[in-house]
Amino acid sequence: MSTPLDTRAGDTGIDTAIDTGAALEPTVPAAHPLREFWSYFAENRGAVVGLVILLLVCLMALLANVLAPYGADDQFRDALLQPPGWAEGGSWAFPLGTDAVGRDILSRIIYGSRYSLSVGLIVVMLSLSCGILCGLIAGYAGGLIESLIMRLMDIMMAVPSLLLAIVVVAILGPSLTNAMIAIAIVYLPQFTRLARAAAISEMRRDYVTASRVAGAGPMRVMFNTILPNCMPPLIVQATLSFSSAILDAAALGFLGLGAQPPTPEWGTMLADAREFVLSAWWVVTFPGLAILITVLAVNIMGDGLRDALDPKMKRS
Amino acid sequence: MLRFILRRLGLVIPTFFGITVIAFGLVRLIPGDPIRLMAGIHGVSPERHAELMHQYGFDQPIWLQYLDFLNELFHGNLGISLVTRTPVLMDFFARFPATLELSIAAMLFAILVGVPAGVIAGVKRGSLFDHTVMGAALGGYSMPIFWWGLLMIVIFAGLLGWAPVSGRIDAFYFIDSITGFMLIDTLLQGNTDAFISAVQHLILPAFVLSTIPLAVIARQTRSAMLEVLGEDYVRTARAKGLSSRRVIGLHALRNALIPVVTVVGLQVGLLFAGAILTETIFSWPGVGKWLVDAVYRRDYPSVQGGVLLIATMVMLVNLSVDLLYGLIDPRIRYGRA
């Protein structure tokens, strides 16, 4: 029996050899997987820009103590609602202006990056690990267990995500931790479905049978044999969920159901600023811009990641 | 086709019961007992507490409570709001037309702009237009719409003064609710000025709410178009000498629209989520704002009823999209049968 690869080589091998003499050269040793990944990823210049911006935001979060001109909660009573440095009436002591209680907006945004990034990271870690567990069990076990898990996921997917998150927060009470738990629960079905689909398609492969024949137990087959080969779609989904988690946490914060004031979380900052929307544009503009830039960077990077990890896109 | 419909309906029923379990569990999962919660800060005497526990059936086994809840549900009783003391169903449907009006306007805008933009971007792949549309779509997809709404208010209501800040209509118009849709009601009552005011109030929120669906629809239409344009039948149509407009408009577009229909359907769930934020920003008196207010006031019967109704509606929309999908594309109907 010939594999699809054999067939392809048989069909086009001669043509290729004639067209490009290089095909007859001795084969170059296979590149390291990471290097190969990077070469695909780097082809998408937007993705690299996204990665750089994300790294800068990470750096900002790590070095917030050093970078921020003031503390996140420092109040300057003589500079309430001061416009940004370049605007009329502004001062460069507060480059992005101050809010209604005289806190430096730039410093709050810098400190806020810590919250947004950790929300993204924790939510993705939680739902990715639970999703992998549920998905692999469903895919591996099949039958009743699979039906039960997947119907539960269908039900969760029927409820609009923000609505479900609001319900969970309504039960647990509003706080950043509960908002993260709520968002992680909301994202669980996507990871479970992906992990299950990948597991089912991998389970038919010969290497899984070989591993079973060699005497590997269910746990070893699931986590050691199947899981590593299911990762590419999960990684792409994780990137996309990372950006949506930042957005959803900010949305919950904005609704007063996430981080509570005076936490400098970007969504919560916007909620505080709502009443000044017509009188002090800077209080509203910059925290939102911070959310947009971060989410956009992650999404652009996610696009590049998908292209680089998707085997169908590879031309080799 | 009948088998397809039956199979699809078979999937909906367990999902619906799942939703009822979530809504039922909601009030029961809240820490503390529901009677004390309803009593609030005033508290309740032990005798009255026992009486109320019995009256609401909280002293019965949980499965009996659930059956009772289902029984009430099928009789159209979703409970009484703790705040307004009116039936939740009435509160919900008093506000629902406002949300529907906003969502329909947003969806229409998203489709009317998103589909042509996606088609042109797909046909002119790699052009400046393509790059602009895809860049804008990525931006729209990444947009925190609560911020986008505030920004629109700053620009169009604050700086330019072109649009009102909030509400459905200027406060000095008194429009009797006939259909609940402000645009239709003002027209039915022949009040042109009120109609114009209603349109002015609708534009900004609808535009903000349409941002994400617009981005998703444009992206999906473009990729569906690219896929279809590479198909053999399109090449055949071109080879026959048909005009480019005919090939794209008739042969390619009809097939490209199949996945777009699904995406439009899937956006309905997102639209409800977006409506929660958009309505809060623009003080739009719809179900989204009502639900958030109910959460603030810890009005659990309203939260429970609202979740149940919205989730059921989203489920029914998804069902109709699936059925429609089977109708447009026979491969779906027979392929999986």
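Helices are runs of at least four residues assigned by DSSP and numbered from the N terminus. The model shown here is predicted.

Q: Where is B:Ser283 found?
A: B:Ser283 lies in the loop between H11 and H12 of chain B.

Q: What makes the backbone of B:Ser283 worth a remark?
A: The phi of B:Ser283 is positive, about 45°, although this residue is not a glycine. Most residues other than glycine have a negative phi.

Q: Which residue that follows H12(B) has a positive phi?
A: That residue is B:Arg298, with a phi near 50°.

Q: Why is H12(B) called largely enclosed by the rest of the structure?
A: Eight of the ten residues of H12(B) are buried, and H12(B) is therefore described as largely enclosed. The buried residues of H12(B) include B:Lys289, B:Trp290 and B:Leu291.

Q: What do the buried residues of H12(B) pack against?
A: Their partners are helix H7 (161-172) of chain A and, in chain B, helix H5 (88-123), H11 and H13.

Q: How do you know whether A:Leu81 is buried, exposed or partly exposed?
A: A residue is buried at 20 or more neighbours, exposed at 12 or fewer, and partly exposed in between. A:Leu81 has 16 C-beta neighbours inside 10 Å, so it counts as partly exposed. This residue is placed in the loop between helix H4 (64-67) and helix H5 (105-141) of chain A. A:Leu81 has a positive phi of about 50°, although it is not a glycine.

Q: Why is B:Leu209 called buried?
A: The cut-off is 20 or more other C-beta atoms within 10 Å. B:Leu209 has 32 C-beta neighbours inside 10 Å, and so it counts as buried. B:Leu209 belongs to helix H9 of chain B. Residues that B:Leu209 touches include B:Leu102, B:Ala106 and B:Leu271. The C-alpha atom of B:Leu209 is separated by 9.2 Å from that of B:Ala110, a residue 99 places apart along the chain.

Q: How are H1(B) and H13(B) oriented relative to each other, and what makes that name apply?
A: Their axes come within 10 Å and cross at roughly 165°. Angles over 145 degrees count as roughly antiparallel. H1(B) is therefore roughly antiparallel to H13(B). H1(B) passes H13(B) in a right-handed crossing.

Q: Which residues make the contact of H1(B) with H13(B)?
A: Among them are B:Phe4, B:Ile5 and B:Arg8 of H1(B), and B:Tyr300, B:Val303 and B:Gln304 of H13(B). By class, this contact has 16 nonpolar, five polar and two charged residues.

Q: How many residues of chain B are in contact with chain A?
A: In chain B, 36 residues are in contact with 34 residues of chain A. The elements that give two or more residues to this side of chain B include helix H1 (2-29), helix H11 (244-282) and helix H13 (300-328). The side of chain B that touches chain A has 29 nonpolar, seven polar and no charged residues.

Q: Which residues have the most contacts inside the largest nonpolar core?
A: They are A:Leu163, A:Ala165, A:Ile183, A:Leu270 and B:Leu150, in a core of 166 residues. Helix H9 (residues 192-229) of chain B provides the largest share of this core, 18 residues. A:Leu163 touches residues of chain B, including B:Phe272, B:Val307 and B:Ile310.

Q: What makes the peptide bond from A:Pro261 to A:Pro262 cis?
A: Its omega is near 5°, and the bond is cis. Most peptide bonds are trans. A:Pro262 is found in the loop between helix H10 (218-254) and helix H11 (266-273) of chain A.

Q: How many helices and strands does chain B have?
A: Chain B comes to 14 helices and zero strands. Of its 337 residues, 37% count as buried.

Terms used:
Residues numbered from 1 in each chain as written. Chains lettered and ligands numbered in written order. Predicted model: local features only at pLDDT ≥ 70, side-chain atom pairs only at ≥ 80, totals over all residues. Contact = placed C-beta atoms within 7 Å. Nonpolar A, V, L, I, M, F, W, Y, C, P; charged D, E, K, R; others polar. Core = buried A, V, L, I, M, F, W, Y, C linked by C-beta atoms within 7 Å. Axes fitted to C-alpha atoms, helices over the stretch in contact; angles between N-to-C directions. Parallel < 35°, antiparallel > 145°, perpendicular 65-115°, else oblique. Left-handed = near helix turned anticlockwise from the far one by under 90°. Lists of a residue's contacts leave out its neighbours within four places in sequence.
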